[in-house]
Amino acid sequence: MADWNRGVGTLNETELNRLAVLLDNAKCGWKQLAKAATDQPRFRCSESELTNCSLQVLNCTGSSGRFLLGMLKDRGCTLGFLLQCLRKMEHHEAVEYLTAAVEQIQIHITVQPQTQQAQEGSSVVLSCKASGPPSLGYQWFRGKEEIPGGCDPDLVVPFLTVAQQGHYICRVNHGEKFIFSNWAHVRVVRSGNSSSETSSTMFPSTSGLRITCQPRQQTLSEGDGLLLQCLAEGNPPPQFQWYRNRTALENAMKPNLKIPCVTTADRGRYYCRVFNFYHEIKSEEVNINIGPSDTHWKSDDEDISIGPTRQSSCFYATDKVALLMGNMNYLHHRQLRAPMADVHELTNLLRQLDFKVVSLLDLDWQEMHSAVTEFLLLLGHGVYGLLYFAGHGYENYGNSFMVPIDAPASYTSKHCLWVQEVLQRMQARDTGLNVFLLDMCRKRNLNDETIPQPDPRKVTANIVFGYATCVDAEAYEVNKDDLSNGIFISYLKKRLMEDEKVTVMLDRVAEDMGQCRITRGRQALELRSNLSERRALTDKIQSTDCPVTSARNLQWAIAHVLPESRTLEFKCGVKVQLGFAAEFSNIMIIYTRILDKPKDIEHCSAQLSDFSEDLEIDLKHTNQETLQEAGSLLFTIDCLPQPEVPKLYTRLKALQRLKKELTFTVCLHYQYLNLEEEEVQEIQTVSIGKPLVSKLNLHEPRLANCSSSSSFDFQSTSLLESATFLQGLCDPSETSSQSASTSWSYYSNVGEPSEGSSSTKVNLPEENLDTDDCPPYTATKSLPYARVEDVTYSFSNMQNFHSL
């Protein structure tokens, strides 16, 4: 008789570890067990205890489920109460395992023999397979008669006769303990029988295995039920295993795959593997597309069951802005390779989520400070702000620092950017969500003994930190061909688009990273958060056409305007076209092509040279026939208009250091037909202004408090002032007369007190904006150069901007 009053501690380590494995999952795992255990106050877990459970995944052999079982054991939890909680969770596999462990029934039949119908003289195979202790014994019976020699999991009847038809059963035993399989009826169909043709079709011989019903492609909404069916026939009877994205699904070994309430995490490509003792075939692979639903799904606190992993969000962003910085080419430290690919991939994903993305590579100290200041200007009431940094970094006494490329060999905090200070400045903008993704090392810097003291922070329950590695550990990158990826982004990009709370999404990334053999025990994602609402990166933007929103759209667009394509006509009659494309916010590609040439010119080519002196140019990356030769490993010609037309490519980096308008020379080389003269040359000088982020003058210092007092503050400036500001900004005649270069900091002077004024402008959010009266957020695709109109912009379909 089983004793369910025994404590959880009476289970051995093998049994506890197996239960922990069953509980280490998101849908029906240790979190649901902790909630079910609150029925008895002494088993209730505090927030800090639940946090400790979550942090167990940071250890290479850690288990949140095992940690929770240990806490229940220490508090005197009985096996009976644990079984009650597992049943309340409807964790059937854990209930079955615990029952078997307590009642010592450790034999479980996994494959039951199937009823069959076969022709007389053919062979029949009956299969019975079981799990349990080693050296299980099998014995087959026909009726009550023991079959001599039937001591294997598979019973083979080579030549079936009428005398051998009947009911078969198998007994599986280990010592004195045993269990019987289900009965299987074997029926003989004699040749010549009227039903023999039908029987032959329905029950093929041993050599046959055929799928009779294929799964179908489906498009569902979140909360719908998914049913996939794969029917097959064969002898021996077939077995089934379902796969999603080529990964076997646990406990999906039946002809029908059922998921009662699907989420976006269930989307993917599904197929079923059908097999028996002799053969194996695969069903058709079908795509299951799952989109968001308008239905709000709520979990019942009294009845914990497997269901949707996330309620449909009722939250929205007034806007979404992201600053991505990747430092690779350090002057005094080890060069990195992954930040370029990581920033590029993250940029494209965030744009699909309608983020306004500023992507910058290789910034020095001043440029990083200025970039953060300009980023803060894009934030405001209800805006989602995301900052990502990939490069060298360190952490001392809980303070994280991002290292710029010009940091000296023995750098300290004064040479770096202090992450906690950036957070404090973001909080002052009254944002709806602040997300920091730091893909850097967190080793201690022994050269820096300074302990910075931040000012008092505003209490806002909207902060999420995702560290690529834990404290006092390094972050790694994987080199592959000419490109590299960081471990963090390699896993983050697979989860970023999931419609889940930010912390839930990052928690899944942490679990995925824990399975990486390369970095197991070396790198583990650490998540810190005080986010009290179910906000997700996929939340929709509920914006307005009010001047505040228009100003922010325009402010972002200023730093992402490309020069207009232009055609140059040379005296010889050749026409050359210049086109421009943005690989990053501070990296531009210029491509040239010959539009037209007179018939008497044999061949010609146009090359660029003599670029502005303040721009560092790598001659190896100019006038190349392919983008790869020009140094662009990520940008493809498919992103350009008319990619099949022959072009020459020039890649310009570090545009943030451009102090004057960008000028260069277009040198045309050509030769006439049937003339032995040397090649002729013509040149034209071209000026294209300050493209992309160069307009922001990031090389110039900002005032220490420019994010709050000297910046153009959308919240504190009246709507009338904002409208006037926009009208003046869109007039080229007015802007050109005041400044040769346009930067956000220049615009910040509008509507603010003078330097000598004693009044201080308080950065208060505008709470009374009536967003319901404004039409939905819409977008256009092109950004003109000469004149930036007061319109809204779309970023979801702009993987790379270009102009031609």
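## Strands 37 and 38

Tyr-670 has Val-680 of strand 38 as its bridge partner. Strand 37 (residues 663–672) and strand 38 run antiparallel, joined by eight bridges. Helices (H or I, at least four residues) and strands (E, at least two) are DSSP runs, numbered from the N terminus. The model is predicted: local features need pLDDT of at least 70, side-chain atom pairs count only at pLDDT 80 or more, and totals for chains, interfaces and linings use all residues. Residues are numbered from 1 along each chain as its sequence is written, and side-chain values use heavy atoms, with hydrogens and water left out.

These strands belong to an open sheet of three strands, in the order 35-37-38, with antiparallel pairing. Strand 35 (601–609) and strand 38 (680–687) are its edges, and each pairs on one side only. Two strands pair if DSSP finds at least two bridges between them. On average, neighbouring strands of this sheet are turned by 20 degrees against each other, direction ignored.

Another open sheet has six strands with mixed pairing, ordered 22-21-23-27-28-31. Its edge strands are strand 22 (356–361) and strand 31 (526–529), each pairing on one side only. From one strand to the next, the twist averages 10 degrees.

Strand 23 (residues 383–390) runs parallel to strand 27, and seven bridges join them. Phe-389 has Leu-438 in strand 27 as its bridge partner. Helix 11 (residues 487–495) lies across strand 23, strand 27 and strand 28 (463–467). The helix runs at about 140 degrees to strand 27. Axes are lines fitted to C-alpha atoms, for helices over the stretch in contact, and angles run from 0 to 180 degrees between N-to-C directions.

## Asp-430

Asp-430 sits in the loop between helix 10 (419–427) and strand 27 (433–439). Asp-430 counts as buried because its relative accessibility is 18%. Buried means under 20% relative accessible area, exposed over 50%, partly exposed in between (1.4 Å probe, protein chains only).

The Asp-430 side chain makes a polar contact with the side chain of His-381, at 2.6 Å. A polar contact is a pair of N or O atoms within 3.5 Å; within protein, one must be able to donate a hydrogen and the other to accept it, and residues adjacent in sequence count only if both atoms are side-chain atoms.

## Cysteines

The whole structure has zero disulfides. A disulfide is a pair of cysteine sulfur atoms within 2.5 Å. For Cys-128, the closest cysteine sulfur is in Cys-170, 3.9 Å away, so it is too far for a bond. Cys-128 is buried, at 0% relative accessibility.

For Cys-151, the closest cysteine sulfur is also in Cys-170. The distance is 9.4 Å, again too far for a bond. Cys-151 is partly exposed, at 44% relative accessibility.

## His-167

His-167 lies in strand 8 (residues 166–174). His-167 is partly exposed, with a relative accessible area of 42%. His-167 and Lys-144 are 23 residues apart in sequence, and 9.3 Å apart in space, C-alpha to C-alpha.

Contact means heavy atoms within 4.5 Å. Not counting residues up to four places away in sequence, His-167 touches Phe-141, Arg-142, Gly-143, Trp-183, Ala-184 and His-185.

## The chain overall

The protein chain has 16 helices and 39 strands. Of its 804 residues, 51% are buried. Among contacts with a separation of 6 or more, 72% join residues 24 or more positions apart.
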